[in-house]
Amino acid sequence: MLIAGFPAGAWGTNCYVVAPAAGEECVIIDPGHQAAQGVEETLAKHRLKPVAVILTHGHIDHVASVVPVCGAHDVPAWIHPEDRYMLSDPEKALGRSIGQQLMGELTVGEPDDLRELTDGSRLELAGLDLTVAHAPGHTRGSVTFRLPQTADIPSVFFSGDLLFAGSVGRTDLPGGDTAELLESLARVCLPLDDSTVVLSGHGPQTTIGRERTANPYLRDAGAQAPRRGL
């Protein structure tokens, strides 16, 4: 497995390029603000051919380079339908005070081929088997992607802005909801094995086991999760 990630743009948003191995097809996750050059350098370094762009959510710091990246390689992009509007209207998604700061430097819109993600679906792309989980709270259309465990590597969880090392995504922007985010943490993250590697939208790599112990938001989510049985 080859996973090459780099922080892009003013917000240091993590963009990931994922492939079974060097020299093969790949998918690109969250090509955000000023990510296009980093994507091209990563593709050239590892001799990769992209087949799709997949998006954890629609905030501009995660999607700003979708149109140029998809256009350069003639590939589709995938996003949850509840965040689709953000591609064409990022100011509405961020609130006016933040959005106005960005509008002068960004070209917004949808790529030519845009497809929609659904909860529980599987994306079989570039020889990868990615499971999609709808995880609202940061935005209404936030999703995560999970690669299964193999003999060589643990499961890998691309959490977007749902879960960070020691923290979680903000919920004070349009479409954010703290209660929904805690429910998503409980439903999507807590059932994962402790060895699962977490690659988030911002910040360093972590594991579910580490976050289960040290992340106060994940602990709160577990405490609020409904109890089953008698």
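Contact here means heavy atoms within 4.5 Å of each other. The model is a predicted one, in which local features need pLDDT of at least 70 and side-chain atom pairs count only at pLDDT 80 or more, while totals for chains, interfaces and linings use all residues. Residues are numbered from 1 along each chain as its sequence is written, and side-chain values use heavy atoms, with hydrogens and water left out.

Leaving aside residues up to four places away in sequence, V39 touches F6, C15, I28, P31 and V69. V39 is also, together with I28, L48, V53, L55 and V66, among the residues that touch the most other members of the largest nonpolar core, which has 28 residues. Such a core is a set of buried (under 20% relative accessible area, 1.4 Å probe, protein chains only) Ala, Val, Leu, Ile, Met, Phe, Trp, Tyr and Cys residues joined through side-chain atoms within 4.5 Å. Its largest share, four residues, comes from β1.

Strands (E, at least two residues) and helices (H or I, at least four) are DSSP runs numbered from the N terminus. Six strands form an open sheet with mixed pairing, in the order β1-β2-β3-β4-β5-β6, where two strands pair if DSSP finds at least two bridges between them. β1 and β2 pair in the antiparallel sense over seven bridges, and P7 stands opposite N14 in β2.

| Helix | Strands | Angle |
|---|---|---|
| α1 | touches β1, β2, β3 and β4 (49–54) | about 155 degrees with β1 |
| α3 | lies across β3, β4 and β5 | about 150 degrees to β4 |

Terms used:
Buried < 20%, exposed > 50% of the residue type's maximum accessible area, 1.4 Å probe, protein only. Axes fitted to C-alpha atoms, helices over the stretch in contact; angles between N-to-C directions.
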